[in-house]
Amino acid sequence: MKRGLSNLDNGGLSFTPLVVIELAKDTKEEAVSWLLKRVKDKQRDGGADLFVEQLPKDVWDSANENPNVFIVSASRERLLFGAEDVGLVKECEDGSMRGFTRANGHHFKDYKGDGDEFLSMAECQYIIKYGLDTLRAREETSIPGYPQVKLYPGKSILRRMQSKGILSQVFPLHDKEELKRLSHSWYGKLRLSYQPLDKIRLYFGEAIAIYFGFLEYFTFALLPMALIGIPYYLFAWEDYDKYVLFASFNLVWSTVILEVWKRSCAWLAYNWGTLIRKKDFEEPRPGFHGVLGLNPVTGREEPTYSSMKRQLRIYLVSVPFVLLCLYFSLYVMMIYFSLENWALNLHEEEQSFWTSLLLFVPSIIYAIVIEIMNRLYRYAAEFLTGWENHRLESAYQNHLILKVLVFNFLNCFASLFYIAFVLHDMKLLRQSLATLLITSQILNQIMESILPFWLQKRRNKMVQKKIGNITVDKELPWTEQVKLEVDMSTYLGTFDDYLELFLQFGYVSLFSCVYPLAAVLAVLNNVTEIYSDALKMCQVFKRPFSEPAANIGVWQLAFETMSVIAVITNCALIGMSPQVKSFFPDSETHLIMLIVAAEHVLLGFKFILAFVIPDIPKEVQLKLSKLEYESMEALKKKVSTFNTISKLYQMFIAIKINKITGNVLLEFS
């Protein structure tokens with residue numbers, strides 16, 4: 001296997017450490033022994049058939065540290081059979097992507113000899129995680145030592161222990177040598193080049209690689225807007241009304257980039273084997289609870305929760321709470337406008353350098369308040385969504401994303417809509433957009449660049465303090481590496497990263513025609529974002545488990561919804577421009593009808609464009625069709641072979657019966 005930790009001193013271990021399990025410090029010995037036995041047992045006996053050893057207790061510096069840390073790995077054969085179980089898709093010798101099977105391993109690229117160098121370390125760790133997740137209760141009615149923690153046949157043991165606080169965390173170990181090479185090619189030097197997406201995917205998995213691919217694509221997609229925005233800013237800065245052409249370009253740009261991204265993403269997903277990969281059967285999330293019932297699909301006992309109760313919680317509690325938060329956001333917005341009027345009146349009474357600066361203070365304060373409100377609301381949304389008790393993680397994520405997007409959209413953009421379409425003040429709109437965008441980007445850079453850098457420096461000092469004269473650039477003993485990574489921060493996923501890009505897309509696509517430098521600022525921010533996110537992934541966080549992904553999921557719908565709103569907004573801004581109004585000096589009704597008709601035509605064009613441009617490139621479609629045809633032919637061949645064997649068997653049985661019958665008749669005669 002391509003398991004990069006093999007270059008470490010394993011300190012007497014008979015296997016390469018891949019995954020760490022940490023139990024709570026006060027976990028009872030019966031539970032520890034029982035769990036380790038289940039992890040080691042053969043699969044036919046209900047175990048995971050994995051290697052597991054406890055981290056030596058003598059490596060801990062004090063009695064206050066948690067000794068319940070265990071190292072998990074697997075044999076080569078176990079990993080290869082696990083690759084088949086999870087439906088891993090790999091590249092064949094002919095260049096096609098196919099689901100891996102142990103029997104046909106010799107047809108796959110890099111499968112040499114017994115497949116020792118076939119799987120990447122991230123794939124090995126994902127297979128181990130799958131094995132641990134599918135470790136299920138059998139005859140046990142409760143976790144040993146915890147009679148109150150009930151079990152039932154088919155229940156995931158680790159999920160149950162995690163939900164009850166017995167299991168603290170499960171995470172994969174970093175491969176320091178491979179990480180060093182990835183860091184050097186990714187952010188080691190400041191240079192203008194594409195990201196090493198294939199290397200990122202091999203180390204962190206498809207979900208994270210697709211995020212960085214989208215971030216890179218979106219940054220390049222902003223360049224046309226930035227290149228047009230710079231001369232527009234330089235030569236038409238004081239003319240607030242000449243934005244018709246820029247808004248028209250905005251309409252086409254916001255539609256085309258999303259359609260082209262879907263095609264680019266399909267190429268990535270096919271080359272990485274996730275486009276044709278079968279989906280895993282989704283298990284109940286760890287926090288899901290309810291009365292025991294029978295799952296109609298699996299036939300196993302598991303918690304059930306009334307859909308009616310969940311809907312009541314959503315519509316009687318969650319929805320009113322979200323509406324209350326939206327009202328509070330609008331109330332804060334009106335306070336902001338009051339401060340704007342106060343600053344403007346003060347400047348008109350006494351025009352000076354200081355009062356000119358004071359004009360920007362309300363917008364800066366409002367931008368900071370918006371960021372604080374967004375973060376506080378996020379915690380409330382997570383609590384509410386958890387309280388709604390969704391069974392599946394996908395349902396939980398969808399409801400959480402919907403709550404967060406609705407609030408963030410209103411909180412960030414309501415003031416801009418009010419200024420544009422109620423106050424009709426293009427100068428104030430430009431000032432507010434610039435202040436909100438710049439302030440939010442500065443705050444995000446503090447949280448995502450400066451803070452991670454400080455955390456890295458602090459971590460380096462901690463390492464030097466723990467291991468004395470050994471520098472952090474040298475390879476650590478594996479025991480010290482495990483101790484270090486146990487205390488590292490946990491990566492919580494790409495949710496916040498996609499949310500930041502979503503809001504940035506809103507600032508650029510909705511109102512950038514009145515502030516043409518918005519795209520320029522977004523490009524500069526994203527370039528910094530690539531390096532800061534790469535630094536966090538490699539140096540600040542624990543290594544996350546590889547997660548299969550074929551696209552950006554529900555965020556694609558969120559961006560497409562924003563692009564529809566952008567069409568409507570830019571059409572309205574075009575209709576408000578003096579150039580267009582001059583054609584309808586006597587009839588505002590005709591102007592409104594024309595703008596509405598143009599908006600409908602553009603929306604129709606947008607949907608036609610989405611239909612005409614295939615989501616999957618033709619070459620990929622041909623490869624998928626060829627694979628489907630070959631799979632059907634192979635299935636027919638198997639059925640034909642089975643039928644032939646069945647007929648031969650029936651003929652053999654008939655001959656045997658005839659012989660026996662003939663012998664019996666001969667004896668009677």
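These questions and answers walk through a predicted model of a protein, from its overall make-up to single residues.

Student: Before we start, how are residues numbered and what counts in this predicted model?
Tutor: Residues are numbered from 1 along each chain as its sequence is written, and side-chain values use heavy atoms, leaving out hydrogens and water. Because the model is predicted, local features need pLDDT of at least 70 and side-chain atom pairs count only at pLDDT 80 or more, while totals for chains, interfaces and linings use all residues.

Student: Happy with that! How many helices and strands are there in the protein?
Tutor: Helices here are DSSP runs of H or I with at least four residues, and strands are runs of E with at least two, numbered from the N terminus. Counted that way, the protein has 20 helices and ten strands.

Student: What percentage of the residues count as buried?
Tutor: Buried means under 20% relative accessible area, exposed means over 50%, and partly exposed lies in between (1.4 Å probe, protein chains only). The protein exposes about 34,000 Å², with carbon and sulfur atoms supplying 63% of that. Of its 669 residues, the buried share is 48%.

Student: Let's look at helix packing. Are α17 and α19 roughly parallel or roughly antiparallel?
Tutor: Axes are lines fitted to C-alpha atoms, for helices over the stretch in contact, with angles from 0 to 180 degrees between N-to-C directions. Helix α17 (residues 554–576) and helix α19 (residues 588–612) have axes that come within 9 Å and cross at roughly 150°. Angles under 35 degrees count as roughly parallel, over 145 as roughly antiparallel, 65 to 115 as roughly perpendicular and the rest as oblique. The α17 and α19 pair is therefore roughly antiparallel.

Student: How many nonpolar residues are in the contact of α17 with α19?
Tutor: Residues in this contact include Val564, Val567 and Ile568 of α17, with Leu591, Ile595 and Leu602 among those of α19. Ala, Val, Leu, Ile, Met, Phe, Trp, Tyr, Cys and Pro count as nonpolar, Asp, Glu, Lys and Arg as charged, and the others, Gly among them, as polar. By class, the contact has two polar and three charged residues, and the nonpolar count is ten.

Student: Now α9 and α12: at what angle do their axes cross?
Tutor: Helix α9 covers residues 307–349 and helix α12 covers residues 393–423. Their axes come within 10 Å, and the crossing angle is roughly 30°.

Student: And is α9 roughly parallel or roughly antiparallel to α11?
Tutor: Helix α11 spans residues 361–387, and its axis lies 11 Å from that of α9, at an angle of about 175°. That makes the two helices roughly antiparallel.

Student: On to single residues. Is glutamine 125 buried or exposed?
Tutor: Glutamine 125 is found in helix α3 (residues 121–133). Leaving aside neighbours within four places in sequence, glutamine 125 is in contact with Leu18, Val19, Pro172, Leu173, Arg543 and Phe545. At a relative accessible area of 1%, glutamine 125 is buried.

Student: How far apart in space are alanine 122 and arginine 201, C-alpha to C-alpha?
Tutor: Alanine 122 is placed in helix α3 and is buried, with a relative accessible area of 4%. Not counting residues up to four places away in sequence, alanine 122 touches Leu202, Tyr203, Arg543 and Ser546. Arginine 201 is 79 residues from alanine 122 in sequence, yet their C-alpha separation is 8.9 Å.

Student: Which residue just after α6 takes a positive phi?
Tutor: Helix α6 (residues 197–204) has Leu197, Ile200, Arg201, Tyr203 and Phe204 as its buried residues. Just after α6, at a phi of about 100°, comes glycine 205.

Notes:
Contact means heavy atoms within 4.5 Å. Accessible areas come from the Shrake-Rupley method with a 1.4 Å probe; for residues, only the protein chains shown count as cover.
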